[in-house]
Amino acid sequence: MGWGLPTWLGGSPAPAPPARPKSSDGGFVAPDRNSRELCYESRDNFFTCLDKNDILDAIKEDDKARKVCAKEVTDFERDCARTWIKYFKEKRVMEYTRDRTLEKIQQDDAKMAAKAKTERRGGSWFG
């Protein structure tokens with residue numbers, strides 16, 4: 001990383017991130033393995049920051065996320081396609097909701113099994 005003069009002191013601005021290449025039909029070229037790995041790493045860093053700051057939904061709490069995780073947001077948005085960013089943020093909330101629902105179902109099943117076991121103690125299965 002180069003440390004030059006700030007632009008307001010006559011330095012040159014930081015180079016813009018490279019634009020994603022377009023194919024001959026005008027669509028974007030799919031990211032290669034290195035680009036995907038970089039995106040996943042940036043996503044994981046962003047989500048770690050969200051976890052540290054008790055933010056689950058980065059879409060609903062966008063202002064708060066940008067305030068407390070400014071560097072991670074910048075890296076995530078630089079390294080991933082916009083559609084991927086939206087997908088990852090939505091998937092995070094969906095997986096959290098799914099996991100809490102599964103935990104509740106498992107707790108309810110354990111309670112029902114314990115209740116059935118105590119009720120069975122008085123007699124046998126076969127009458």
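Buried means under 20% relative accessible area, exposed means over 50%, and partly exposed lies in between (1.4 Å probe, protein chains only). This is a predicted model, in which local features need pLDDT of at least 70, side-chain atom pairs count only at pLDDT 80 or more, and totals for chains, interfaces and linings use all residues. Residues are numbered from 1 along each chain as its sequence is written, and side-chain values use heavy atoms, with hydrogens and water left out.

**Exercise 1. Find the partner of glutamate 103 in a salt bridge, and say how accessible both residues are.**

Step 1. Start with the rule: a salt bridge is a side-chain nitrogen of Lys or Arg within 4 Å of a carboxyl oxygen of Asp or Glu. The count by this rule is 12 salt bridges.

Step 2. Glutamate 103 pairs with arginine 100, and their closest N and O atoms are 3.0 Å apart.

Step 3. Now place the pair. Helices are DSSP runs (H or I, at least four residues), as are strands (E, at least two), and they are numbered from the N terminus. Both residues belong to helix α4 (residues 82-120), three residues apart, or about one turn of the helix. An α-helix has 3.6 residues a turn, so residues three or four places apart point the same way.

Step 4. Glutamate 103 has a relative accessible area of 38%, so this residue is partly exposed. Arginine 100, at 33%, is partly exposed.

**Exercise 2. Describe the salt bridge between aspartate 62 and arginine 66.**

Step 1. Their side chains meet at 2.9 Å, N to O.

Step 2. Look along helix α2 (residues 62-68): aspartate 62 and arginine 66 both lie there, four residues apart, about one turn of the helix.

Step 3. Aspartate 62 is partly exposed at 23%, and arginine 66 is partly exposed at 34%.

**Exercise 3. Compare the span of α4 with the expected span, then list its buried residues and what they pack against.**

Step 1. The expected span of a helix is 1.5 Å times one less than its number of residues.

Step 2. With 39 residues, α4 reaches 57 Å from its first C-alpha to its last, close to the 57 Å expected.

Step 3. Buried in α4 are Ile85, Phe88, Lys89, Arg92 and Val93.

Step 4. Contact means heavy atoms within 4.5 Å. The buried residues of α4 pack against α1 (33-52), α2 and α3 (70-79).
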